[in-house]
Amino acid sequence: MEEKPNYSYISQLSGGDKDFEEQLLDVVRLELPQEIENYKNHLEIDNFMRAGDDVHKIKHKISILGLEKSYQVAIDHEDNLREGVLDDDLYKRFEEILNAMTKFIEKA
Amino acid sequence: MQCIIVDDEAAARTILKKLASNNENLEVQAEFSNALQAIKHLNQHEVELIFLDIHMPDFTGFDFIQTIKNPPKIILSTSDRNFAIEAFEYDCIVDYIVKPITQERFDKAIKKALSFTPKDEKDTSSEKVDTNIKESGNDLYVNIDRRLIKIDIPSIYLIEARGDYILIKTSGKNYTVHSTMKKIEEKLPENLFLKIHRSFIINVDKIIDIEDNSVLIEKDVIPVSRSNRPELMKRLNLL
């Protein structure tokens with residue numbers, strides 16, 4: 001994965017308000033693992049439409065963590081899932097993004 | 001402006017609250033993770049502006065708008081650019097902002113909301129609607145496959161009801177649009193168009209001939225209903 005999660009959007013948004021930064025990261029820490037779990041559960045039962053909904057939610061977290069290029073991967077993955085297609089390459093790339101985000105928020 | 005936030009994602013609500021707190025024109029009255037809670041709130045409180053997520057499970061933002069009576073101003077916030085055209089169909093929608101939202105983009109949307117007048121308040125009669133069409137150069141924009149396609153109104157010779165759709169026929173091309181006869185009738189100039197049957201609106205200028213209870217227009221023979229025939233006869237310059 002070329003790019004890494006970062007604080008660029010969060011910093012821009014907070015304008016230096018550290019309490020807000022922490023508050024937002026807390027919310028992401030809480031929501032993201034649940035969204036990833038939902039995504040995996042829906043894939044497991046081949047409910048691609050619901051998995052697409054999950055990717056849609058995760059997509060916003062991707063942008064919050066400053067991952068601009070990965071955002072496009074999520075868009076393509078979401079579109080495919082909604083059409084009932086599980087693209088192997090997109091699935092793997094999306095997994096890498098999820099892993100990178102998970103590691104980042106655990107350390108943040 | 002008193003506003004509420006409706007978004008199933010907590011991170012999105014946190015961001016919108018922060019952006020709103022930086023704008024002196026806004027006061028966030030409440031936030032909701034689902035549309036049904038928001039509807040209950042709207043029944044009991046006066047709200048001037050809603051930040052609304054389109055993509056919510058079970059009950060979408062568009063379902064929400066269709067459910068509430070006299071919707072206030074609405075700013076749609078979404079991670080999906082694909083709904084922008086559908087958003088144009090609702091008079092109460094002020095702006096459409098794509099996540100991740102920056103303060104600059106947010107403030108721009110609020111500026112629009114402050115100067116926004118719902119279409120219902122601007123156009124109180126069909127005569128005014130007609131004027132607006134003329135001012136926009138006699139063009140009608142229709143939504144087909146998420147594209148807004150321009151149709152030159154005088155070139156339309158026939159509109160036909162087709163279930164949930166209408167077929168708009170022009171000299172050069174035909175368009176099938178998801179709409180109703182009532183909606184398009186309101187958008188067409190009364191002096192040019194006439195409903196001659198519950199399923200047909202014609203451009204009176206394009207009539208070739210009339211025989212008994214039918215009208216020949218271009219190559220189409222269209223029935224004229226008994227109740228609409230007197231109005232059609234009135235519109236003709238009879239010798």
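Among contacts in chain B between residues at least 6 apart in sequence, 50% join residues at least 24 apart, where two residues are in contact if their C-beta atoms, placed from the backbone, lie within 7 Å. In chain A, 55% of the contacts between residues at least 6 apart in sequence join residues at least 24 apart. This is a predicted model, in which local features need pLDDT of at least 70 and side-chain atom pairs count only at pLDDT 80 or more, while totals for chains, interfaces and linings use all residues. Residues are numbered from 1 along each chain as its sequence is written, and chains are lettered from A and ligands numbered from 1 in the order in which they are written.

The secondary structure of chain A comes to five helices and zero strands, and its pattern along the sequence reads α-α-α-α-α; chain B has nine helices and 15 strands. Here helices (H or I, at least four residues) and strands (E, at least two) are DSSP runs, numbered from the N terminus. Of the 108 residues of chain A, 31% count as buried, and in chain B buried residues make up 28% of the 239 residues. A residue is buried if 20 or more other C-beta atoms lie within 10 Å of its own, exposed if 12 or fewer, and partly exposed in between.

**Helix H2 of chain A**

Helix H2 of chain A covers residues 18–44, and its 27 residues, at 1.5 Å a residue, should span 39 Å, which agrees with the 39 Å between its end C-alpha atoms; the expected span is 1.5 Å times one less than the number of residues. The buried residues of H2(A) are Leu24(A), Val28(A), Leu32(A), Glu35(A) and Tyr39(A). Their cover includes helices H1 (8–14), H3 (48–64) and H5 of chain A, together with helix H1 (10–21) of chain B. After H2(A) comes Asp46(A), whose phi is positive, near 60°.

**Two helix pairs**

Two packed helices are described by the angle between their axes and the distance between the axes. Axes are lines fitted to C-alpha atoms, for helices over the stretch in contact, and angles run from 0 to 180 degrees between N-to-C directions.

| Helix pair | Angle | Axis distance |
|---|---|---|
| H2(A) and H1(B) | about 165° | 9 Å |
| H4(A) and H5(A) | roughly 135° | within 10 Å |

H2(A) and H1(B) are therefore roughly antiparallel to each other, whereas H4(A) is oblique to H5(A); angles under 35 degrees count as roughly parallel, over 145 as roughly antiparallel, 65 to 115 as roughly perpendicular and the rest as oblique. The crossing of H2(A) and H1(B) is left-handed, and the crossing of H4(A) and H5(A) is left-handed too, a term used if the near helix is turned anticlockwise from the far one by less than a right angle.

In the pair that joins the chains, Phe20(A), Gln23(A), Leu24(A), Val27(A), Val28(A) and Glu31(A) of H2(A) meet Ala10(B), Ala11(B), Thr14(B), Ile15(B) and Lys18(B) of H1(B). This contact has seven nonpolar, two polar and two charged residues, where Ala, Val, Leu, Ile, Met, Phe, Trp, Tyr, Cys and Pro count as nonpolar, Asp, Glu, Lys and Arg as charged, and the others, Gly among them, as polar.

**The contact between the chains**

The contact takes 17 residues from chain A and 13 residues from chain B. On the side of chain A that touches chain B, the elements giving two or more residues are H1, H2 and H3 of chain A, and H3(A) gives the most, with eight residues. By class, this side of chain A has seven nonpolar, five polar and five charged residues.
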